[in-house]
Amino acid sequence: MKLARVTGTVTATAKDAQLVGLTLLLCDVVDGKGKVLEPAVVAADTVGAGVGAQVLIVTGSAARLPARTTGVPVDAVITAIVDHVDLG
Amino acid sequence: MKLARVTGTVTATAKDAQLVGLTLLLCDVVDGKGKVLEPAVVAADTVGAGVGAQVLIVTGSAARLPARTTGVPVDAVITAIVDHVDLG
Amino acid sequence: MKLARVTGTVTATAKDAQLVGLTLLLCDVVDGKGKVLEPAVVAADTVGAGVGAQVLIVTGSAARLPARTTGVPVDAVITAIVDHVDLG
Amino acid sequence: MKLARVTGTVTATAKDAQLVGLTLLLCDVVDGKGKVLEPAVVAADTVGAGVGAQVLIVTGSAARLPARTTGVPVDAVITAIVDHVDLG
Amino acid sequence: MKLARVTGTVTATAKDAQLVGLTLLLCDVVDGKGKVLEPAVVAADTVGAGVGAQVLIVTGSAARLPARTTGVPVDAVITAIVDHVDLG
C-alpha cells in the first residue's frame, strides 16, 4: 500500500456506469514525512476522506475488495484515513 | 487511476482478433495541472473520448471490467471523460 | 519480491473493516547492500517483523495468498524475515 | 498497453515446459515518435512480429488472454503490429 | 518478462510456510547487453538457475503459473535460463 495526501477531487459526467456515485479523489503518494513520491494518483474513496487527509491507498486487484468497489473498474482505492505514522 | 490527455490514435491490421473494432487512443498521463508524468500509454476507449480530451485511465485487471473490454487482452482503458479537476 | 527494511508503523482508526487487527508496517525497499531503492511502501505483516528488521515483501494479488490476508484489501505483505543475503 | 519496437530475440533451452514453442522477442517501449521509454521488455509474440516491427504490448494478467498464451507463465505479449500512430 | 542476472541468494527462517523449500535468488534486471536496469529483484527459482546465470523473470500473477509456485505467495519467478539474446 502507499501513504498519500488527498489534494483534490475529480468529476466526470461521461463515464462508465459503474463509476456513478463513487467519489474520486486526486492524491499524491508521499513518504513517512510527507515528501511527494508520486503525484496525481486518482483513487476511489471508501472511508469518507477529504482534501488534506493523509490516507492509505491500495492498488491493483485489491482495489476491488472493499464492498463499495467490488466489480467496479477501479485500480486504486482509499482504505484508511491514517492517524499516525511512527518512524521507529 | 490516472488522469491523462488523449494525444493521438493507434491503428493496426495484424492484431489479436479480440481487438477488432476497439478504438485505441494514445495518451499522456498528466497531473492535476496537465504536466506530463508518463508519456505514450495506449488505452482502449469505452466512453467516446477524442484527441485532446482529459480522461481517466484505469489499468491492470480492472481494464477488463467495462462491458466493452471483458475478456479482451487490454491492460489500460479510458473509463471517463473528466469534466473538472478541483485542486482543493 | 523485494528486500525491504522496516522503518516504522502506520495506524488508522477510520479504515476498511477487513484491515482491523492487521499490523501495517512502513518499509523501504532496499538492494542487497541495504541501499534504499523505493521508500515508504506500507506492507501488512504476517510473520511478526519489527522495526529495523530486513524482510521480504510480496506485492500484487500474491499479497492475499497468506492465510492472514486472504480476501483483505492489501497489495503488499511481508512474508519472511530475511536471515541472510549472500551476494555470490 | 505500450507501443514498442522489436529489437531482438531471446532463446532458452532450460525453461518452463509451457514456454516451449513460444517466440520471445526483446522490445523497447517507445513513445509515439519512437523515443525509447523503457528498454528490454521481453514479450511473447502472438501475431508474427519480426525484428524492427512497431508493435503493441499488453502486460499483466491480460497477457494470458490471447489463445496462444492462455495458462502460460508470461506477463507481456505482443497483440498487434502497429500500422500507424496518428499524433492528432 | 525481463532479462536478469542472478547476483545472490536470500535465506530466511521465519517465513510463510508456503515458501519452505523454495530457492529465492537475488537478481538484477538487465538489458540485452547486460546493463542493470533494476537492481535487487528477488525471484523464486523453478529451473535450477545459479549465481551468474542470465535468466528470464516473469512477474505478477503469472509468477504462480509454474507448477512449483502455484498458490505460493510469490510475485516474481525465474522461468528460463537464457541461452542467447540476439540483437537483430
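1. Partly exposed is the class for a relative accessible area between the buried limit of under 20% and the exposed limit of over 50%. The model discussed here is predicted, and within it C:Lys2 has a relative accessible area of 23%, so this residue is partly exposed.

2. The side chain of C:Lys2 meets that of E:Glu38 in a salt bridge, with an N to O distance of 3.4 Å. This pair crosses between chains, since C:Lys2 lies in strand S1 (residues 2-15) of chain C and E:Glu38 in strand S3 (residues 36-45) of chain E. E:Glu38, with a relative accessible area of 29%, is likewise partly exposed.

3. Chain E also takes part through E:Lys2, whose side chain forms a salt bridge with that of D:Glu38 at 3.5 Å, N to O. Here the pair runs from strand S1 (residues 2-15) of chain E, which holds E:Lys2, to strand S3 (residues 36-45) of chain D, which holds D:Glu38. The relative accessibility of E:Lys2 is 24%, and this residue counts as partly exposed, while D:Glu38 is partly exposed with a relative accessible area of 29%.

4. Between chains A and B, the side chains of A:Glu38 and B:Lys2 meet in a salt bridge of 3.5 Å, N to O, and this contact joins strand S3 (residues 36-45) of chain A to strand S1 (residues 2-15) of chain B. A:Glu38 counts as partly exposed at 29% relative accessibility, and B:Lys2 is partly exposed with a relative accessible area of 23%.

5. Over all chains, the structure holds five salt bridges, among them the pair C:Lys2 and E:Glu38.

Definitions and conventions:
Residues are numbered from 1 along each chain as its sequence is written. Chains are lettered from A and ligands numbered from 1 in the order in which they are written. This is a predicted model: local features need pLDDT of at least 70, side-chain atom pairs count only at pLDDT 80 or more; totals for chains, interfaces and linings use all residues. Side-chain values use heavy atoms; hydrogens and water are left out. A salt bridge is a side-chain nitrogen of Lys or Arg within 4 Å of a carboxyl oxygen of Asp or Glu. Helices (H or I, at least four residues) and strands (E, at least two) are DSSP runs, numbered from the N terminus. Buried means under 20% relative accessible area, exposed over 50%, partly exposed in between (1.4 Å probe, protein chains only).
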